[in-house]
Amino acid sequence: MILRVLITKELRLLLRDPWSALVLLAMPLLFILVLGLLLGEGFGQKTDDRTRIVIVDLDAGAGENGTPVPGKMRWADQVLDDMKETSGLRVETLASEEEARRLVREHRLPAVLILKPHFTERVRSCGFMRDNLNPFYRDGVNFEAVDAELIRDDKQVGQVAVIEQVAQVTLLRVILPYMIGRAFQQLADPDFIQLLGEQVYLPIPEGFGGLFDSVFKVKRRQDYKVSPPALLKLREKNVPDQVITKLEPLMDQSFADKDTFEKKLAQILTEEERGTYESKIVTTCREDTVNLNEMLKAAAGGGSKDLADARRVDYQSRVGKGVQGAINRQFEKYELTGMTWKALTRSKEEGAGGEVSEHEDAGGSGLLNRGAYRYQILVPAYTVMFSFFLVLMVGWIFVSERRQGTLKRMRLAPITRAEVLLGKLIPCLAVSLLQGTLLLLAGKLIFGMRWGPERWSVGEQVVTLAPVVLSTSLAAMGLAILVAALARTEIQVALLGAVPVLILALIGGCVLPREFMPEQTQSLTLLSPHGWALQAYAELLDPNPKSDPNLGIVFRACGVLAAFGAGTVGIAWWRLRLE
């Protein structure tokens with residue numbers, strides 16, 4: 001009965017002053033609100049120096065009308081794989097173009113790369129052939145040409161430039177090897193060999209022209225060409241070196257008829273040189289040639305027409321493979337038929353081994369930025385900090401009771417020392433629990449914070465949070481009773497209460513989160529009860545919704561806080577004087 005009266009008295013004293021409610025509830029909420037609005041999106045997240053690239057993947061593959069084709073490669077996957085294997089990048093995906101435009105418009109993302117439905121179809125149409133798509137322009141890859149778009153925030157120019165360069169390099173590494181591989185594969189294509197055969201003319205050995213006409217029945221062409229063998233023959237025919245030197249600029253030029261060739265000679269030789277050597281030059285530089293297609297046709301002759309056609313196709317295929325083989329040997333450091341950068345460069349090194357994750361909106365939404373990651377840090381930090389402000393209220397009440405003689409009257413009344421102490425302890429604990437509960441509830445309802453991993457039910461979250469709130473309140477209550485037992489005046493309450501509480505809050509990480517402190521000073525946070533409380537909250541309220549809390553750390557912190565509370569209460573019991 002007496003204990004209930006004492007508890008009721010203390011509760012009335014603690015709650016009758018409206019400034020008490022302001023300090024215990026309104027002030028921490030105000031701090032959380034202001035800092036939540038002022039701090040950036042990155043506050044409350046683990047430091048990540050990688051460049052964040054956000055992509056909207058709408059690529060539908062290369063089917064008709066943009067429908068996916070089972071078993072066919074989507075080039076958007078190649079882009080994501082390339083970025084994933086690039087060190088220094090953090091790749092995230094967004095579900096829709098509308099969401100991407102909203103986040104950029106609100107300046108929450110500097111840029112977003114959108115791969116639109118026809119991206120694969122456009123990439124597959126890229127090539128070096130006349131009817132292929134050319135995706136390049138002076139500054140790199142033309143995003144629009146391959147049905148891609150980079151949404152930019154003009155107010156974040158520096159970050160946009162970095163992201164655009166990453167996107168350009170990635171698309172270049174994806175598209176260019178495909179174009180090279182596709183072009184190289186076309187070297188063996190019958191159409192290319194047909195074209196090559198029409199361009200390549202081979203000379204017929206002297207004396208074999210009639211044989212080609214009568215037996216092989218191929219079309220010959222007479223050319224005039226200054227070639228190295230022709231210059232060697234002219235020397236053998238005693239043509240002076242000064243004349244041969246004048247002919248050297250015509251090397252590898254071909255003239256279709258005698259008149260054209262003689263007109264060219266007239267431009268470079270004197271009248272005397274022409275009169276003496278022109279006939280030798282014309283005779284020596286004349287070649288009977290036949291193009292490659294005619295040679296293949298002659299080689300395929302004999303038998304039926306179908307057999308001859310089959311041989312000709314086979315011989316063309318051999319020529320194509322020969323061209324490919326020769327180029328492969330010439331450029332053996334590269335796999336020119338490889339369709340990816342890794343295949344083209346014959347790279348054996350593995351990439352960074354990163355991963356592509358869904359973009360998580362760490363900045364929150366609405367006027368208060370509800371759901372922002374920073375509230376997972378701010379709410380517990382200021383809940384812990386202001387829970388220890390109970391020291392001031394309890395200290396002032398004790399001082400007031402001493403000055404008014406209330407404690408002396410209690411000593412004369414039939415009240416034991418234990419009842420007096422419990423009458424102080426229980427109301428302090430109740431107020432502290434109420435404060436912690438209301439602040440966490442406000443954090444969830446007002447600021448959209450989570451009470452634990454998203455895979456946990458609300459019940460599981462409450463069950464794991466309750467010991468942390470209780471043990472923190474025990475520690476705050478113990479320190480409050482200790483200061484009240486030691487202080488004799490309001491000044492002493494301020495010196496013994498406010499100053500230590502602020503210093504402990506600073507050391508414990510309430511003002512500056514532990515993660516932002518130098519590594520060598522982070523362990524100092526555990527010198528204060530605030531540090532232990534925040535360690536437990538950090539495990540349960542990690543900004544990463546997929547985190548896996550270490551409950552061993554949580555319960556160890558709760559044990560340390562409870563021991564701190566019990567220890568300070570024991571000292572207060574020893575030092576308490578009812579006078």
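Which side chain meets that of Arg101 in a salt bridge? The tour of this predicted model begins with that residue and then moves to other sites.

**First stop: Arg101 and its partners**

Select Arg101 together with Glu97. The side chains of these two residues form a salt bridge, with an N to O distance of 2.7 Å. Both belong to helix 4, which spans residues 97–105. Because they are four residues apart in that helix, about one helical turn separates them. Arg101 itself is partly exposed, since its relative accessible area is 30%, which falls between the 20% limit for buried and the 50% limit for exposed.

Glu149 sits in strand 6 (residues 148–152), whereas Arg101 sits in helix 4, so the pair ties together parts that lie 48 residues apart in sequence. Glu149 is partly exposed, at a relative accessible area of 23%.

Glu97, Arg101, Lys116 and Glu149 are linked in a network of salt bridges. In general, side chains of opposite charge can pair when their charged atoms come close.

**Second stop: Asp77 and Arg74**

Move to Asp77 and display Arg74 beside it. A salt bridge joins Asp77 to Arg74, the closest N and O atoms being 2.7 Å apart. With a relative accessible area of 31%, Asp77 is partly exposed. Across the whole structure, a search finds 20 salt bridges.

Select Thr472, which is found in helix 20 (residues 458–486). Is Thr472 buried or exposed? Thr472 counts as buried, because its relative accessibility is 5%, and buried means under 20%. To see what lies around Thr472, display Val384, Ser387, Phe388, Ala533, Tyr537 and Leu561; Thr472 touches these residues, leaving aside those up to four places away in sequence.

At 41% relative accessibility, Val499 counts as partly exposed, whereas Thr472, at 5%, counts as buried.

How values were computed. Residues numbered from 1 in each chain as written. Predicted model: local features only at pLDDT ≥ 70, side-chain atom pairs only at ≥ 80, totals over all residues. Heavy atoms only, no water. Helix = DSSP H or I, 4+ residues; strand = E, 2+ residues; numbered from the N terminus. Buried < 20%, exposed > 50% of the residue type's maximum accessible area, 1.4 Å probe, protein only. Contact = heavy atoms within 4.5 Å. Salt bridge = Lys/Arg side-chain N within 4 Å of Asp/Glu carboxyl O.
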